[in-house]
Amino acid sequence: MSADNTTDISEPEGWKTLLANPYLAGPIKFVLPLAIIPAVFGLLYLIEPYQQFLMISGLLAAYFVPPAGKESIIPIAIVMGYPWWLVTLVIVLLDVAVSLFVVWNFDLALKIPLVGRLLKSGMTVGRNYTETQPWLRRFSTIGLVLFVFFPLQGTGAMNGAILGRLLGLEKARVLACVCAGSLASSLIIALGADVILDVYRQDPVLGIGILVAVVVAVLAAVVGWRLYKGRLRERTPR
């Protein structure tokens with residue numbers, strides 16, 4: 001056997017070896033997702049004037065408090081003058097941080113008082129969806145993306161990551177589904193809000209008309225969805 005072959009065989013696998021060490025993997029998996037959030041705020045502090053930084057920080061803090069979500073935070077940020085790409089990037093990064101934390105630290109997070117309560121609430125939401133939407137188990141990957149994509153109360157990155165766990169998906173697939181759903185949803189909302197705002201600036205009447213039509217369509221979709229869920233519950237044998 002040559003010296004080169006010996007070197008190749010004994011060479012460590014880098015980060016895989018690092019994460020295989022339980023004394024290092026645990027702290028890394030716990031700290032890394034949490035570090036993304038202050039990193040996002042730090043980036044905003046560097047690129048935004050102080051007053052604008054304070055305003056968007058308040059919006060992002062509200063994003064973590066139900067019932068606020070993409071459908072409210074993103075349009076408000078767009079109206080306040082923040083570029084659509086920045087708002088999209090920030091929201092997606094926050095969703096990545098939350099989903100990564102849940103995927104990597106679910107069992108440990110359940111033991112944290114406030115976080116554990118939120119996760120248990122998310123588990124209830126996930127179980128309800130899997131019971132009323134049995135197709136989620138057959139098309140788990142697409143279903144999880146759609147679950148995160150539609151900005152309805154109870155969906156989102158955290159509950160999407162929990163649902164992926166309940167469906168038995170691999171951690172990497174759960175993270176990929178949550179990121180895809182978050183990116184698609186955030187982009188559509190941000191671009192839609194930006195277009196409506198541009199139309200309003202050129203023609204206020206037309207802009208308001210488009211906004212009203214969008215709101216009516218969303219409300220109709222939400223009401224129809226809840227009626228559909230109610231009928232499914234009535235048909236489900238107890």
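## Overall fold

Helices here are DSSP runs of H or I with at least four residues, numbered from the N terminus. On that basis the protein has twelve helices and zero strands. Along the sequence the pattern reads α-α-α-α-α-α-α-α-α-α-α-α. The model is a predicted one.

The protein has 238 residues, and 34% of them are buried. Its accessible surface comes to about 14400 Å². Carbon and sulfur atoms account for 68% of that surface. Among contacts with a separation of 6 or more, 64% join residues 24 or more positions apart.

In soluble globular proteins, nonpolar side chains tend to be buried together. In this model, the largest nonpolar core holds 22 residues. Leu44, Leu60, Ile74, Val87, Val90 and Ile91 have the most contacts inside it.

Val90 shows how residues meet here. Setting aside residues up to four places away in sequence, Val90 touches Val40, Leu44 and Leu60. A second core is separate and has 20 residues. Met123, Phe147, Val148 and Leu169 are included in this second core.

## Packing of H4 against H5

Two packed helices are described by the angle between their axes and the distance between the axes. For H4 and H5, the axes come within 10 Å. They cross at roughly 175°. Angles over 145 degrees count as roughly antiparallel, and H4 and H5 are therefore roughly antiparallel to each other.

Which residues make the contact between H4 and H5? From H4 come Leu59, Ala62 and Tyr63. From H5 come Lys70, Ile73, Ile76 and Ala77. The residues of this contact divide into six nonpolar, no polar and one charged.

## Met55 on H4

Met55 also lies in helix H4. Is Met55 buried or partly exposed? Buried means under 20% relative accessible area, and exposed means over 50%. At 39% relative accessibility, Met55 therefore counts as partly exposed.

Met55 is in contact with Met80 and Tyr82, leaving aside neighbours within four places in sequence. Ala77 is 22 residues from Met55 in sequence. The C-alpha atoms of Met55 and Ala77 are 8.9 Å apart in space. Ala77 is also one of the H5 residues in the contact with H4.

Leu108 lies in helix H6. Its relative accessible area is 45%, so Leu108 is partly exposed. Leu108 and Phe30 are 78 residues apart along the chain. Their C-alpha atoms are separated by 9.2 Å.

Leu183 is placed in helix H11. Leu183 has a relative accessible area of 39% and is partly exposed. Leaving aside neighbours within four places in sequence, Leu183 is in contact with Thr88 and Val92. Leu183 and Val96 are 87 residues apart along the chain, with their C-alpha atoms separated by 9.8 Å.

Key:
Residues are numbered from 1 along each chain as its sequence is written. This is a predicted model: local features need pLDDT of at least 70, side-chain atom pairs count only at pLDDT 80 or more; totals for chains, interfaces and linings use all residues. Side-chain values use heavy atoms; hydrogens and water are left out. A nonpolar core is a set of buried Ala, Val, Leu, Ile, Met, Phe, Trp, Tyr and Cys residues joined through side-chain atoms within 4.5 Å. Buried means under 20% relative accessible area, exposed over 50%, partly exposed in between (1.4 Å probe, protein chains only). Contact means heavy atoms within 4.5 Å. Axes are lines fitted to C-alpha atoms, for helices over the stretch in contact, and angles run from 0 to 180 degrees between N-to-C directions. Helices (H or I, at least four residues) and strands (E, at least two) are DSSP runs, numbered from the N terminus. Angles under 35 degrees count as roughly parallel, over 145 as roughly antiparallel, 65 to 115 as roughly perpendicular and the rest as oblique. Ala, Val, Leu, Ile, Met, Phe, Trp, Tyr, Cys and Pro count as nonpolar, Asp, Glu, Lys and Arg as charged, and the others, Gly among them, as polar. Accessible areas come from the Shrake-Rupley method with a 1.4 Å probe; for residues, only the protein chains shown count as cover.
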